[in-house]
Amino acid sequence: MADRYAPLADRFWAKVDKREGCWEWQGGRSEPGGYGRIGSAGRLLLAHRVAYELCKGPILDGLTVDHLCGNRGCVNPAHLELVSRGENSRRYASALERCKHGHEFTPENTRTYQKNGRDVRACRACARRRYHEGRSR
């Protein structure tokens, strides 16, 4: 466990699982599957914003940090980009219309189910691809 009086950067990196792809935040979260959080000077900071500032520099006024990977728990600086709030909202809305592989969520291509008390959408085209890949092995 990291010393709570250690510098923020030391405490931060001690809670990051740096694997290939997304670097998963291992500390506290805003909710299950939510944004990572870390305390500093009596305030809770968002982990992805801390990662951005530690690796890329300050976050300018009017801008927000967008997860290019769509993973709220990711703190990999290569997956983070500064964008306007409007652009971030547009990207989020677009992500709601398509799966992570770009297939449109239409009634014919979407299966919905409950996971952890939340409605989840699954792409039928991706499920078919995974099924066929598994059968070809």
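A residue counts as buried when its relative accessible area is under 20%, as exposed when that area is over 50%, and as partly exposed in between. With that cut-off in hand, C123 is buried, because its relative accessible area is 8%. The model discussed here is a predicted one.

**Domains and annotation**

The domain assignment divides the protein chain into domain 1, covering 1-89, and domain 2, covering 96-136, and the C-alpha centres of domain 1 and domain 2 lie 28 Å apart. An unreviewed UniProt entry carries the annotation "domain: HNH nuclease" for residues 46-90, an annotation that may be inferred rather than shown by experiment. In the model, the span of residues 46-90 is 33% helix and 24% strand, and its end C-alpha atoms lie 21 Å apart.

**The surroundings of N109**

N109 is placed in the loop between α3 (85-97) and β7 (110-115). With a relative accessible area of 11%, N109 is buried, and its side chain reaches the backbone oxygen of E104 at 3.0 Å. Leaving aside residues up to four places away in sequence, N109 touches H103, E104, A122, C123, R124, A125 and R128.

Strand β7 runs antiparallel to strand β8 (residues 118-123), and six bridges join the two. One of the residues involved is T110, whose bridge partner in β8 is C123; C123 is also among the residues that N109 touches. Two residues lie between the strands of this hairpin, in which N116 takes a positive phi near 55°.

**Cysteines**

A disulfide is a covalent bond between the sulfur atoms of two cysteines. How many disulfides does the model contain? The count comes to zero, where the cut-off for a pair of cysteine sulfur atoms is within 2.5 Å. Two cysteines illustrate this result, and their values are set out below.

| Cysteine | Closest cysteine sulfur | Sulfur distance | Relative accessible area |
|---|---|---|---|
| C69 | C22 | 3.7 Å | 33% |
| C123 | C126 | 3.7 Å | 8% |

The sulfur of C69 is 3.7 Å from that of C22, its closest cysteine sulfur, and therefore too far for a bond; C69 itself is partly exposed, with a relative accessible area of 33%. For C123, the closest cysteine sulfur is in C126 at 3.7 Å, so this pair too is too far apart for a bond.

Terms used. Residues are numbered from 1 along each chain as its sequence is written. This is a predicted model: local features need pLDDT of at least 70, side-chain atom pairs count only at pLDDT 80 or more; totals for chains, interfaces and linings use all residues. Side-chain values use heavy atoms; hydrogens and water are left out. Domain bounds come from an automatic or database domain assignment. Helices (H or I, at least four residues) and strands (E, at least two) are DSSP runs, numbered from the N terminus. Buried means under 20% relative accessible area, exposed over 50%, partly exposed in between (1.4 Å probe, protein chains only). A polar contact is a pair of N or O atoms within 3.5 Å; within protein, one must be able to donate a hydrogen and the other to accept it, and residues adjacent in sequence count only if both atoms are side-chain atoms. Contact means heavy atoms within 4.5 Å. Two strands pair if DSSP finds at least two bridges between them.
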